[in-house]
Amino acid sequence: MKKTFFLSLLLLNSIFPAAPTKILNGIEYLPLAGITAQLNGRCWRIAVNGNATRFVTILPPPADSSSRLNQGSLEYTFIPDSNFVIHNSRKLKLPLPAIVDSGELYLPAVVAAALFPELDVPVLSTIETDRRGDTLILRLLLNPLQPRNSPLIFFSQKNSTLEYRLILGCRMDSVFIQQLRLLSLTSSSLLNGIKPDSGTVGTSLIFTFRQPVSEKIAPLANGLELHLTPLPKRRVNRILLDPGHGGKDPGAVGRIGTQEKEIVLDIAHRVGEQLKNQGFEVYFTRDCDQYVSLAERAEKAVKTGSQIFVSIHANWSENRSASGLETYFLSEAKTDWERAVATRENEVFEREIANPFISKNDPVSLILADLAQHEFLYESSILALRIQEAGLNLVRTQDRGVRQANFYVLRNIFMPAVLVECGFLSNRREEQTLRKPEYRAKLARAIAAGIVSFAREYELRLNGNH
Ligand SMILES: [Zn+2]
């Protein structure tokens, strides 16, 4: 069957009176047809099968066209819900997309103000700073001579804990920009600087801070006021140690019968001692020979308010010569070996995986758990690296590296979390070594040193230092 397409071109501003402005999610939108009419231009809607695909505005050439790079009339093509506009065949990025409502295209006022300099929009002309306690107050004020015909709309975004972006529905005059530069040079202990964002079309400011802040934005009659308060310093001092297995689950068993659950409980206790001596609060998922379910381990993480999770295990391999230390963080296994280790360590939890939240074969739930942990993925990989490094510095052992695999015990733990495989019980020599208390003490010092070194740098990162 043949499909019929029909293309319609509709001259908007000759038919409709300009639509009123709209406020959506605190953002002011102006109708493109209205803007075009104010600037004596023409605005077209191009639709295929009745659905608007593009809106084109053609404006008359500015009176002083020598000041423009583009001679002749000005053409703007908007695509609904897109962050781009095509202006005289150049693609420009917008801070917020244009939207369509009842067949009309609406532009965020910020976008309109930036794209159409002739448009009557408020102009920021003054910046004032003030201090109340440790709160820094910035007042961005409008040109008092200019009548305000559009509210100063704003929209803010956190780029990171140290960077904050403010999008304004107004333009900045050159005096304002000079004041901004001056303030950036002489900025406070809280503020590193402020600069206009040159990446996008529109009036937006990038604030860079020395430490994370909380912000409050209050509109004023002639502008807006920003209250920036430093957030209290965050400490990293609560560690949850998770000795693997326990109770009915012995874990790996060595050639002369050494049980993983015993070895790792002893190592975990020693790591705990080391950490306590250095002022850390230490919690254990188990401190005796008992079976602890996955859910209980995760619950402990929440209840104790722990900030770092380290699961301690001993390894096993068919290959009896395999030996050494490896540290894992949660991610999809990349190698057969990583998959094999995860399969073995996950085995006892298989039955618990009936829990839909951590369903074993459901890729979606795996992805969800991964996403939740994803925030900590980078930190987890650094924690693994620090433990591995300290292990190699303090203990004579084979470096099997930092690895990644899908360990159930690391999923649903929403903090930097790793699993340390201390050595191989399947290796006759390593089994003997692991049985020696002095060796376990050394291993524990190494793991603790890795945790401490990570905790210090993690704390700096949380407080905005790099
Ligand atoms: Zn294990």
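**Notebook: loops, sheets and helix packing**

I began with N40, which is placed in the loop between α2 (32-38) and β4 (42-48). Helices (H or I, at least four residues) and strands (E, at least two) are taken as DSSP runs, numbered from the N terminus. I noted that residues are numbered from 1 along each chain as its sequence is written. The model is predicted: local features need pLDDT of at least 70 and side-chain atom pairs count only at pLDDT 80 or more, while totals for chains, interfaces and linings use all residues.

**Entry 1: two asparagines with positive phi**

I read a phi near 60 degrees for N40, a positive value in a residue other than glycine. N40 is exposed, with 10 other C-beta atoms within 10 Å. For burial I used this scale: buried if 20 or more other C-beta atoms lie within 10 Å of the residue's own, exposed if 12 or fewer, partly exposed in between, with C-beta atoms placed from the backbone.

I then looked up N88, in the loop between β7 (84-87) and β8 (90-93). N88 also has a positive phi, of about 45 degrees, although it is not a glycine. With 15 other C-beta atoms within 10 Å, N88 is partly exposed.

**Entry 2: the chain as a whole**

I counted eleven helices and 25 strands in the secondary structure of the chain. Of its 466 residues, 38% count as buried. Among contacts between residues at least 6 apart in sequence, 67% join residues at least 24 apart. A contact here requires C-beta atoms, placed from the backbone, within 7 Å.

**Entry 3: the five-stranded sheet**

I traced an open sheet of five strands in the order β15-β11-β12-β19-β18, with mixed pairing. Its edge strands, β15 (171-172) and β18 (213-220), each pair on one side only. Two strands are treated as paired if DSSP finds at least two bridges between them. Eight bridges link β11 (residues 123-132) to β12 (residues 135-142) in the antiparallel sense, and R132 stands opposite T135 in β12. Helix α4 (residues 174-185) packs on this sheet and touches β11 and β15, its direction making about 30 degrees with that of β11. Axes are lines fitted to C-alpha atoms, for helices over the stretch in contact, and angles run from 0 to 180 degrees between N-to-C directions.

I asked how many residues of strand β22 (residues 308-315) are buried. Eight of the eight are, so β22 is largely enclosed by the rest of the structure. I308, V310, I312 and A314 point one way from β22, and F309, S311, H313 and N315 point the other way.

β22 pairs in the parallel sense with β20 (residues 238-243) over five bridges, where the bridge partner of D242 is S311. β22 also runs parallel to β25 (residues 417-424), joined to it by six bridges; here H313 has E421 as its bridge partner.

Within β25 I examined L419. L419 is buried, with 26 other C-beta atoms within 10 Å. Not counting residues up to four places away in sequence, L419 touches S311, H313, Y328, F407, V409 and L410. Its C-alpha atom is separated by 9.8 Å from that of P243, 176 residues apart along the chain.

**Entry 4: helices with a buried face**

In α6 (residues 294-303) I found R297, A298 and A301 buried. They cover an arc of only 95 degrees around the axis, which puts them on the same side of α6. The arc is that of the directions from the helix axis to the C-beta atoms. Their cover includes β20 and β22. Just after α6, G305 takes a positive phi of about 65 degrees.

In α7 (residues 336-346), V341, A342 and E345 are buried. Seen down the axis, the buried residues of α7 fall within an arc of 95 degrees, so they line one face of the helix. β22, β24 (399-405) and β25 are included in what covers them.

**Entry 5: α9 against α11**

How do the axes of α9 (residues 377-394) and α11 (residues 437-462) cross, and at what angle? I found that they come within 8 Å and cross at roughly 140 degrees. That makes α9 oblique to α11; angles under 35 degrees count as roughly parallel, over 145 as roughly antiparallel, 65 to 115 as roughly perpendicular and the rest as oblique. Residues making the contact include I382, R386 and L394 of α9 and R445, G450 and Y458 of α11.

Note on methods:
Two residues are in contact if their C-beta atoms, placed from the backbone, lie within 7 Å.
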